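Subject: Structure for you to look at, with notes

Dear colleague,

I am passing on the structure we spoke about, and my notes follow below it. Please read them with the structure open beside you.

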Amino acid sequence: MVLYLGVLLIVYMNLQAALRALSNDRRLQILSWLRNPVKHFPPQVDGDLIEDGVCGLLIARKLRVSQPTASEHLKVLVQAGLVRGKRIKQWTFYKRDEAQIKRVKRVIAEEV
């Protein structure tokens, strides 16, 4: 019983973080772009758009915001588990975590 309640608490905490992340238009836009990065971003010198993700600098440019502002949006998405970051050289590349997005969708469908 205690283990179940602990797992349930983790699910709700993750759901809360995901809902917070999804409550912002810019973060929704980032998730949308990352669904098909080749369509929305130019080729990169380092990192493959599909395998490694999109450089945070390119995301900032496309959003038309400063790099720190984009980094904050990406941090919220990473904390919610919706996006994963990968360091290559001095850059961080971001891609969607499709498994976590699927879990969040399932929990929302079950609980709402």
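Which strands does H2 lie across, and at about what angle does H2 run to E3? H2 lies across E1, E2 and E3, and its direction is at about 85° to that of E3, where axes are lines fitted to C-alpha atoms, for helices over the stretch in contact (heavy atoms within 4.5 Å), and angles run from 0 to 180 degrees between N-to-C directions. Helices (H or I, at least four residues) and strands (E, at least two) are DSSP runs, numbered from the N terminus.

Before going further, please note that this is a predicted model, in which local features need pLDDT of at least 70 and side-chain atom pairs count only at pLDDT 80 or more, while totals for chains, interfaces and linings use all residues. Residues are numbered from 1 along each chain as its sequence is written, and side-chain values use heavy atoms, with hydrogens and water left out.

The sheet

The open sheet consists of 3 strands in the order E1-E3-E2, with antiparallel pairing (two strands pair if DSSP finds at least two bridges between them). Because E1 and E2 stand at the edges with a single partner strand each, one side of each has no neighbour in the sheet. Between E1 and E3 there are 2 bridges, and Cys 55 has Phe 93 in E3 as its bridge partner.

The aromatic pair and the core

There is 1 aromatic pair in the structure. Its members are Trp 33 and Phe 41, whose ring centres are 6.1 Å apart and whose planes stand at 90°, so the pair is edge-to-face (rings of Phe, Tyr and Trp, the last by its six-membered ring, pair if their centres lie within 6.5 Å; planes under 30 degrees apart count as stacked, over 60 as edge-to-face and the rest as tilted). Both Trp 33 and Phe 41 are buried, that is, under 20% relative accessible area, with exposed meaning over 50% and partly exposed in between (1.4 Å probe, protein chains only).

Phe 41 also belongs to the largest nonpolar core, which has 29 residues, and is among those with the most contacts inside it, together with Leu 34, Ile 59, Leu 77 and Leu 82; such a core is a set of buried Ala, Val, Leu, Ile, Met, Phe, Trp, Tyr and Cys residues joined through side-chain atoms within 4.5 Å.

Helix H4

In H4, the buried residues are Gly 56, Leu 58, Ile 59, Ala 60 and Leu 63, and their cover includes H2, E1, H5 and E3. After H4 comes Arg 64, with a positive phi near 60°.

With best wishes
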